Amino acid sequence: MGLANIIRSGVAVADRLTADLQVDVTHRTVGAADGDGKPATGSTTTRSAIVTYETKPVKMLDGREALSQAQVVFLSDVAVAMEDVLTLPGGVTGPILKVSRPADSAGTGGFLTQVWLG
C-alpha cells in the first residue's frame with residue numbers, strides 16, 4: 001500500500017469520525033462566459049463539509065494577505081474554482097480567497113479540499 005492510499009484511508013476515517021460535525025454547504029459552480037462576457041451559472045450541489053468560523057489572515061495565491069472569515073474542508077477531492085460560490089449554513093457566503101487540493105505524487109487526484117472564505 002503506497003503513501004497516497006494510506007492518506008486516502010486516513011481521510012476516509014476522518015470523514016466517518018466527523019460526520020456529526022459536518023454541515024451542508026451549497027456549492028454553485030460558475031461556467032464559461034456567455035456571448036455577452038457574463039459568467040454562466042453552472043451546477044449547484046449540496047456537499048457535507050467541516051466549517052470553522054475564525055477570522056485569520058490568509059496568504060492568497062497572488063501573494064497578498066486577506067482576512068478569512070471561515071474555512072471549509074471537504075473530506076474528498078472537490079473541484080472548487082475561485083469564481084464559484086459557497087453558501088454556508090444561515091446563508092453565509094463570501095469571496096473565495098484560497099483553495100487548496102493536496103494531490104498525490106502522480107497528480108491523479110486529491111485527498112481533500114480546503115477553501116478559505118473572506
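The lining of the largest cavity is made up of 2 nonpolar, 3 polar and 2 charged residues (Ala, Val, Leu, Ile, Met, Phe, Trp, Tyr, Cys and Pro count as nonpolar, Asp, Glu, Lys and Arg as charged, the others, Gly among them, as polar). The model is predicted: local features need pLDDT of at least 70, side-chain atom pairs count only at pLDDT 80 or more, and totals for chains, interfaces and linings use all residues. Residues are numbered from 1 along each chain as its sequence is written, and side-chain values use heavy atoms, with hydrogens and water left out.

**Exercise 1.** Find which residues line the largest cavity.

*Solution.* 
- Step 1: a cavity is a set of points on a 1 Å grid over the protein atoms alone where a 1.4 Å probe fits but cannot get out, and lining residues have an atom within 4 Å of a point.
- Step 2: the lining consists of Thr 52, Glu 54, Lys 56, Ser 68, Ala 70, Gln 71 and Trp 116.
- Step 3: strand S2 (39-59) and strand S3 (65-74) are the elements that give two or more residues to this lining (strands are DSSP runs of E, at least two residues, numbered from the N terminus).

**Exercise 2.** State whether Thr 113 is buried or exposed, and find which backbone atoms its side chain reaches.

*Solution.* 
- Step 1: Thr 113 belongs to strand S6 (residues 113-117).
- Step 2: because its relative accessible area is 0%, Thr 113 is buried (under 20% relative accessible area, with exposed over 50% and partly exposed in between, 1.4 Å probe, protein chains only).
- Step 3: the Thr 113 side chain reaches the backbone oxygen of Ser 76 at 3.2 Å, and a polar atom of that side chain lies 2.8 Å from the backbone nitrogen of Val 78.

Technical notes
Helix = DSSP H or I, 4+ residues; strand = E, 2+ residues; numbered from the N terminus. Polar contact = N/O pair within 3.5 Å; in protein donor to acceptor, adjacent residues only side chain to side chain. 1 Å grid on protein atoms, 1.4 Å probe; cavity = no way out; pocket = protein on both sides within 12 Å on 5 of 7 lines; lining within 4 Å.
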